[in-house]
Amino acid sequence: MPHGVRLGLEYVGPHHLRNKAYPFIQNLADLAVFLEAVGAPNVGYLLDSFHWYTAEESTDDLALLKPEQIVHVHVNDAVEEPSLAHDQKRLLPGEGRIPLVPFLQALYEAGYRGRYQPKCCIRSRLPERVSNAHRLRMTAL
């Protein structure tokens, strides 16, 4: 691996971003083909719960990955069903309907023990929402 640097590529699952003039890879299977063509050991998957959900992938798809193929993981949530979910209307993990526990369990079963990053893309008052999420977490403890 050159200089210890890894590059994670992310597919783009939301339906509203499909059929554009220059669409990018839209699911795990197509990303696998692309990564195979690249053939570099330091290039792998940057997985995102939102894209996994909107691409309507299964946990079985994730569980088939090898841990060394996964570079990084984004965890976020959505309000809408997969076909209506919008890329700029993501929620903090646990605020929506994405089945995050099965998503995370599948990655664990695949052997991934790397880092996870919460990701939120919404134009609301984030400090208030973070405060609410923190309050819910503390209540759960």
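Is Y112 buried or exposed? Y112 is buried, with a relative accessible area of 4%; buried means under 20%, exposed over 50% and partly exposed in between, using a 1.4 Å probe and protein chains only.

A word on ground rules. This is a predicted model, where local features need pLDDT of at least 70, side-chain atom pairs count only at pLDDT 80 or more, and totals for chains, interfaces and linings use all residues. Residues are numbered from 1 along each chain as its sequence is written, and side-chain values use heavy atoms, with hydrogens and water left out.

**Aromatic pairs**

Searching the whole structure turns up 2 aromatic pairs. Rings of Phe, Tyr and Trp (its six-membered ring) pair if their centres lie within 6.5 Å; planes under 30 degrees apart are stacked, over 60 edge-to-face, and the rest tilted.

| Pair | Centre to centre | Angle between planes | Class |
|---|---|---|---|
| W52 and F103 | 5.1 Å | 50° | tilted |
| Y112 and Y116 | 5.3 Å | 80° | edge-to-face |

W52 sits in helix α2 (residues 49-54) and F103 in helix α4 (residues 100-109), so to speak linking distant parts of the chain, 51 residues apart. Helices here are DSSP runs of H or I with at least four residues, strands are E runs of at least two, and both are numbered from the N terminus. W52 is buried at 4% relative accessible area, and F103 is buried at 0%. In the other pair, Y116 is partly exposed, at 36%.

**Sheet and helices**

The open sheet has 4 strands in the order β1-β2-β3-β6, with parallel pairing; two strands pair if DSSP finds at least two bridges between them. β1 (7-9) and β6 (116-118) are the edge strands, each pairing on one side only. Between β2 and β3 there are 4 bridges, in the parallel sense.

α4 packs on this sheet and touches β2, β3 and β6, with its direction at about 170° to that of β3. Axes are lines fitted to C-alpha atoms, for helices over the stretch in contact, and angles run from 0 to 180 degrees between N-to-C directions.

Contact means heavy atoms within 4.5 Å.
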